[in-house]
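These are my notebook entries on one structure. I record here what I looked up, entry by entry.

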Amino acid sequence: MVKKRRTLLQRAKSIFSYLIHYDEPVAKSRFQKVGISPREIDQWLELIQEIQSMPLVTVKASANRTYVDILENKFMMLMKRKYLDQSASYEEREGAILLYFRTMLTYERLKGEDVDMDELIRYTWKIDRPTIIRMAEDAISEIER
């Protein structure tokens with residue numbers, strides 16, 4: 001009998017699908033329910049945190065080639081970290097996300113590409129849609145001045 005192992009992507013997806021069901025912190029030992037040992041979850045969480053601290057990337061396929069490009073510059077990463085810093089004041093965090101949006105829109109225009117901001121935000125931050133729309137409109141109006 002051949003034992004079929006899960007791929008790395010399947011394991012990562014199982015970690016996130018398990019976490020989504022909880023509104024409070026989850027003990028490492030509970031990941032055994034999805035087939036990941038407490039020792040192994042340490043390595044997975046370290047890898048996930050490292051990836052989350054890196055700039056966003058895009059993957060574009062053309063006829064014969066696939067290109068990978070970085071979507072964020074150092075300033076944008078700094079603003080994202082500032083926004084995610086829960087010890088910062090509300091005003092600092094709000095200013096950081098507005099600067100992030102302004103920089104993203106400018107960066108997008110310089111590259112001549114369209115970035116789907118809704119999708120970017122949906123996967124990067126947990127913000128409700130009306131707030132996203134208001135902040136994006138504010139950033140656009142600020143850039144157009």
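At what angle do helix α1 and helix α2 pack, and how far apart are their axes? I first noted that this is a predicted model, in which local features need pLDDT of at least 70, side-chain atom pairs count only at pLDDT 80 or more, and totals for chains, interfaces and linings use all residues. Residues are numbered from 1 along each chain as its sequence is written, and side-chain values use heavy atoms, with hydrogens and water left out.

**Entry 1: α1 and α2.** I found an angle of about 90° between α1 (residues 8-19) and α2 (residues 38-52), with the axes 12 Å apart. The two helices are therefore roughly perpendicular, a term for angles of 65 to 115 degrees. I then looked up the residues that meet (contact: heavy atoms within 4.5 Å): Leu8, Arg11, Ala12, Ile15 and Phe16 in α1 face Glu40, Ile41, Trp44, Ile48 and Gln52 in α2. I sorted the residues of this contact into seven nonpolar, one polar and two charged.

**Entry 2: Glu72.** I located Glu72 in the loop between β2 (66-70) and α3 (74-84). Is Glu72 buried or exposed? Glu72 counts as buried because its relative accessibility is 3%, and buried means under 20% relative accessible area (1.4 Å probe, protein chains only). The side chain of Glu72 makes a polar contact with the side chain of Lys80 at 3.2 Å; such a contact is a pair of N or O atoms within 3.5 Å, and within protein one must be able to donate a hydrogen and the other to accept it. A polar atom of the Glu72 side chain also lies 3.1 Å from the backbone nitrogen of Leu56.

Notes: Helix = DSSP H or I, 4+ residues; strand = E, 2+ residues; numbered from the N terminus. Buried < 20%, exposed > 50% of the residue type's maximum accessible area, 1.4 Å probe, protein only. Axes fitted to C-alpha atoms, helices over the stretch in contact; angles between N-to-C directions. Parallel < 35°, antiparallel > 145°, perpendicular 65-115°, else oblique. Nonpolar A, V, L, I, M, F, W, Y, C, P; charged D, E, K, R; others polar.
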